[in-house]
Structures are given as structure tokens and as C-alpha cells.
Amino acid sequence: MLFRQWAGFTSSCRRSYVTRATVHAAAKRRIAEVDSERPSGFVDTFSRKHDYLRISLTEKCNLRCFYCMPEEGIDLSPVGKILTNQEVLRLASLFVRNGVNKIRLTGGEPTVRKDITELILSLDTLDPFKFELITRRRGHDAVLKALDVALHSKLSSVKLNVVVIKGLNDMEILDFVKLTKDQPISVRFIEFMPFTGNKWDQAKMVPSSELLSRVRAEHPAITRDTEEPNETARTWKIPGFKGTFGFISSMSDHFCSSCNRLRLTADGQIKVCLFDPNEVSLRDAMRQGASDEDISNIIQRAVSGKKEKHAGMNDIDVVTNRPMILIGHYYNNTRAVRPRRPYYETSLYPFAKTSSFSARAYSTLTHLDGSGKVNMVDVGNKLPSKRTATASGKIFITSLAYELVTKTYTETETGHLDDVGSTSPGQLAVNKAKRKGDTLTVAQLAAIMGAKQTSSLIPLCHPLSLSKIDVDLRPRVERRTGGDENTRYFIECSATVSCEGKTGVEMEALTAVSVGLLTVWDMLKAVAGKEMEISDIKVVAKSGGVHGDFVRAP
């Protein structure tokens, strides 16, 4: 009896100490059985099964990253065009019934809630100044704090996405890899991808192979990490490091052959490829009364039209395709929906108290503080440096005005300007213009004075001690085909301003050109007031300062 009791006890112990690997293996077998009972799913003509769906819940975001959102902003879809919660749930259920086993919720603005099981953050630089350049928003410290909170939470996975731009943040790669030494974080380097409005340039794209070579030169012992099937990131690990790093090489080494992804935009369009501008509206089909079977057929037709691979990096359609913000980010992946809030309420990070701003305030306004009040930018901590800027502009004038400006007046011609009793109205106007003196000389002096008075004219400009101001005004003739009636006369003004200071002199150069051209207008208005036109005032070159040199292309 004692032996049987002991045998039963030891048998129970053995059952209680079943290895974790055995449990996982059993779970995987059960998942495989369940998957085998599912329908074949959405399969394209290249036998790729699509079992991964990314659903964008919103087009709104609290950042304005230039690789994602055009500089001029986006036109948000009306609320009535966005999928409702019920529509999202219906479509998600439909996809699951057709073989989808993984759904990611994207945006738009990141979502935060307590029962999240996976969090993906986006931080493209460890430098606060570069962060503001990239995102057109402040809040670098807030992202670092959020990352720290995530790493010390019970989240099963924390991933940090980095869009790499040559000359901007590619020199920080090793710093990001260093983050994986003591933290269980997955850093993923994403190649700069072309989308509508993000001014993609192949010269700014750093191939993942080059980045890997840089890491390998510093850490020769790196090894490939295990990856899930169809995973977009090629993952690597440094022995002894707690975290991993990987590369999403959509441009230089695409993964189209194993692509299993479909995308549902916030306004209900199905996209079978991130870089394909073609879309099909599931929202319209639902609202027109389509059944689930009808919608499944629509999806399958769209999937059947999926190409074997996307176009080469220089041939991707960036005209008719959406900006990335309207498709769904790589870097906003969550499993929960945060309550809606008006778009005019934005914040530097999702869990901060919101402040009111214009819905179209897409770029960072450095002359506004955190509450939207006007303030002068503090340059007290900057070091003085040599700064130069050149601006130009033109004023179109009449042929008579051009003749007056370019003609050298004799003493006889200028000695009897007050004797106007016998002159015609046209001659009166000419005499009036002559009486004011040399148009270009007066305009040149006015431009120099305008540059020196910029801080008095433009409220938030810093007063600067200018070291040099060069102003040049030149009469020009633009001859076009079709005869003299198509010939245009204009005066071109350019101004170059220099200083040794803490802020740039672009405003001083622009003010000089503006005042110079306005002075030409005043000098010639008697003979050409109705026909004159000022245009093309712009900065054409600058040097010095943290933003580096700039030359506008002709």
C-alpha cells in the first residue's frame, strides 16, 4: 500500500513538472490543427496566402514626420468617411473567417491602454534637435520617458523603429544598437521609402547591408536571431546583449515573395501592397448593403490583382499613391482603441495633457510656446557663428519705365523739369519720375536701410549687428517669341547680408529685397503704377548655422 502511494506521488510529480517546451509544442500542434480547419484564405496568383491584416484606425497623428506626412499637411477624411467601430469589427471578423490569424491596429496617432500586449514605438534619433527636424514637433524627452516606462512594464515586447536617413541620423546606428545591451528591446532600422509628398531621394536612402556592415565592424560576433515566418525584419543579436536589432529593407532587399499582408485604411480602402496606389472601397460596399460573401469576393479579386513584387525604388508611384500617414505606419502597431478626441486637440505625446492648436498646424512653429502663445525664440545658449544669406526678387515694369531707368539724363534734360506748362500728361508723368532722381540708386539705399531695420519691422526677429550688406539692382529684358508685344521688362534685385551672430540673416536679406523693390515701385508709379508687379521674392542661398548651407536650384 505504501509503495502504491509513493508510486502515485512520484507519478503526480512527473506530471506537474512537464517541461515548458512540451506545453509550447502541444499548443503549436493545436494551433496547426485549428488553422488546418480554416478556409484556405485570400491567396493571390503567386500562391501567397494573406493571413496578416493591418487596420488603420485613424488618419490623425501628434507628430509630423517628414518621411510620413507631406510638408503642406494632408486633407483629413470627413468623419462620415471613416470606418465606424462596428464596421471595423465586421471586417476584422470577416478576415478572420477567411484565414487571417494576425491583426495589427495602426494609425495615425498611437494608441495606449493598460491591457496592451505589444507596443511599438518610433524614435528616429537620440538627438533632441534632430528629433524636432524629423517630426516637426518637440517631445524628444517624452518619447524617451515613454520608452523607459514601456521597458519597465509587463509588456511582452517593446520594439523601437528607426527610419534611417543618410546624413541625418545614419551616424547614430551604433548608439541605437547599444540600447540593446542592457534592455530587452528590439530596435528595427527601416529604409527610407518613397511616398507621396515625402521628397524621397535615393541618395538619402541607406541600404540595410551597409548598416549591417557598420554594426559588424564594431561587433564581429553578431549572429542571426530566430524569426517568425513572413517577418519583415531580418533580426540580429550580439552575444551577451539582452535585446536584438533588425533591418526592414523594403527598398534594397524587398521581401515581396513572402508577403502575407493586407492593409485596411481608416476610410475603408483595401490595399494589397504598400506601394500600389490601387485601392478598393470595402466601406462603400458595406454601406450599399453588400453581404459578407460579397465583400469576401471583392477582397479576393483585389488580392488576385496583386503583383509579384512592387516597382523598383525609382519607379514607385509617389503621385497617385497615398502619403504614409493615410495608409498606416510601420511604427504605430497596437491592439487597442483609444477614445476619440477632436483633431484640434494635440499633444507632444499621447499621455500628456492636451493643448489646443490649429488643425492645420503641421509644422513646428518656433515662435509659439507650449500653450500656443507668441514668444521670441531663445538663442541665449547658442554660440555666435559666421552667417550669410542671399535673397532675390523682381519687379515687372513697362517699356517706358525701363527706358527711364536705363537712360542717362543730360544736364539740359534735367534742368527744366519745373517748366511743365506745355507738356502732355504723359510727359508730366515722365518729368515727375525724373524729379525723384536715380531710381536704382535710391532703391539700393532703401534696401540697405531696410535690412538694418528688420527687427523693427518684423516683431519677433532678433536685432543683429550686420557686418556687410550688398544690394544689386539690374534692369532686365525677357524677350519671348511672338514680337515686341510679348517682351517683358523687369528689374531684378538681389541682396546678400552677413553677420557674426546666434541666428540667421535670411529675414534681413528678404527685407532688403522687399524694400528695394517697393522703392522701385514708388519711384516709377507715375508712369507704370497700374502695370507693375512684384514677384519671386525668395532666399536663394544661405550658409552657417546648425542647419548647414543651402543653395536653391535654378
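Helix 10, residues 399-406, lies across strand 16, strand 17 and strand 18, and its direction makes an angle of about 125° with strand 17. Axes here are lines fitted to C-alpha atoms, for helices over the stretch in contact, with angles from 0 to 180 degrees between N-to-C directions. Contact means heavy atoms within 4.5 Å. Helices (H or I, at least four residues) and strands (E, at least two) are DSSP runs numbered from the N terminus. Helix 15, residues 506-528, lies across strands 16, 17, 18 and 19, running at about 25° to strand 16.

This is a predicted model, in which local features need pLDDT of at least 70 and side-chain atom pairs count only at pLDDT 80 or more, while totals for chains, interfaces and linings use all residues. Residues are numbered from 1 along each chain as its sequence is written, and side-chain values use heavy atoms, with hydrogens and water left out.

In what order do the five strands of the open sheet come? The order is 17-18-16-19-20, with antiparallel pairing; two strands pair if DSSP finds at least two bridges between them. Strand 17 (466-478) and strand 20 (550-551) are the edges, each pairing on one side only. Between strand 16 (385-397) and strand 18 (488-501) there are 13 bridges, and Lys386 stands opposite Glu500 of strand 18.

Tyr489 also belongs to strand 18. Beyond its neighbours within four places in sequence, Tyr489 contacts several residues, including Phe396, Tyr402 and Arg476. Its C-alpha is 6.2 Å from that of Glu478, 11 residues away in sequence.
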